[in-house]
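This report describes the fold of one protein chain and the surroundings of selected residues. Please keep the sequence and the structure in view while reading.

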Amino acid sequence: MHLLQPTGSNRASSFTLHGHVWQQAPYVCPGSAKDGLTGKCKATGFFPTLAGEVGSRAIGTSPLGGYTGAQDLIQPGSHFTLFLPSAGGGNGVRGDYLLMDRAGFGATNGLWSLLRVQ
């Protein structure tokens with residue numbers, strides 16, 4: 001899921017998707033393993049002898065990523081990549097899930113929606 005705000009006011013929003021968590025940096029290097037971690041990219045450097053891999057070639061479950069249930073600082077020009085391991089949370093539960101801005105005035109101004117998992 002790609003989350004962006006191309007234009008808007010100076011007030012930043014916070015995004016939540018109830019019942020779900022995602023990694024903050026879901027980028028992996030398929031086929032690589034560094035330090036015993038599958039998907040971890042080989043180091044890059046400024047010198048030719050330190051040439052490695054670009055760390056954003058693919059989206060997946062990163063062996064280094066931390067998990068969160070909200071994304072803050074969504075403002076004009078910002079964009080975020082959310083990789084949900086499964087729709088319906090960790091157990092794949094069917095139903096309706098609320099997407100919303102956590103500020104009360106955001107919800108009353110239409111910054112909410114539903115994600116339906118079938």
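Threonine 81 is buried, because its relative accessible area of 14% falls under the 20% limit for that class. The model in which this value was computed is a predicted one. Threonine 81 belongs to strand S10, which covers residues 78-81. Beyond its neighbours within four places in sequence, threonine 81 is in contact with Met1, His2, Gln23, Pro26, Tyr27 and Ile59.

The table lists the relative accessible area and the location of each.

| Residue | Relative accessible area | Location |
|---|---|---|
| Threonine 16 | 8% | strand S2 (residues 13-17) |
| Cysteine 29 | 0% | loop between strand S4 (27-28) and strand S5 (33-34) |
| Threonine 81 | 14% | strand S10 (residues 78-81) |

Threonine 16 counts as buried, since its relative accessibility is 8% and the limit is 20%. When residues up to four places away in sequence are not counted, threonine 16 touches Gly69, Ala70, Leu98, Leu99, Met100 and Arg102.

Cysteine 29 is likewise buried, at a relative accessible area of 0%. Its place is in a loop, between strands S4 and S5. Isoleucine 59 lies 30 residues from cysteine 29 along the chain, and the C-alpha atoms of the two are separated by 8.6 Å.

Which residues form the largest nonpolar core? This core has nine residues: Leu3, Phe15, Leu17, Trp22, Ile74, Leu82, Tyr97, Leu99 and Val117. Strand S2 and strand S11 (95-101) each contribute at least two residues to this core. In soluble globular proteins, nonpolar side chains tend to be buried together.

Phenylalanine 15 is one of the core residues. Apart from neighbours within four places in sequence, its contacts include the core members Leu3, Trp22, Ile74, Leu82 and Leu99. Phenylalanine 15 is also in contact with Met1, Gly69, Ala70, Gln71 and Met100.

The remaining values concern the chain as a whole. The chain has 118 residues, of which 29% count as buried. Among contacts with a separation of 6 or more, 68% join residues 24 or more positions apart. The accessible surface comes to about 7600 Å², and carbon and sulfur atoms account for 57% of this surface.

Terms used:
Residues numbered from 1 in each chain as written. Predicted model: local features only at pLDDT ≥ 70, side-chain atom pairs only at ≥ 80, totals over all residues. Heavy atoms only, no water. Helix = DSSP H or I, 4+ residues; strand = E, 2+ residues; numbered from the N terminus. Buried < 20%, exposed > 50% of the residue type's maximum accessible area, 1.4 Å probe, protein only. Contact = heavy atoms within 4.5 Å. Core = buried A, V, L, I, M, F, W, Y, C linked by side-chain atoms within 4.5 Å. Areas by Shrake-Rupley, 256 points an atom, 1.4 Å probe, with all protein chains shown as cover.
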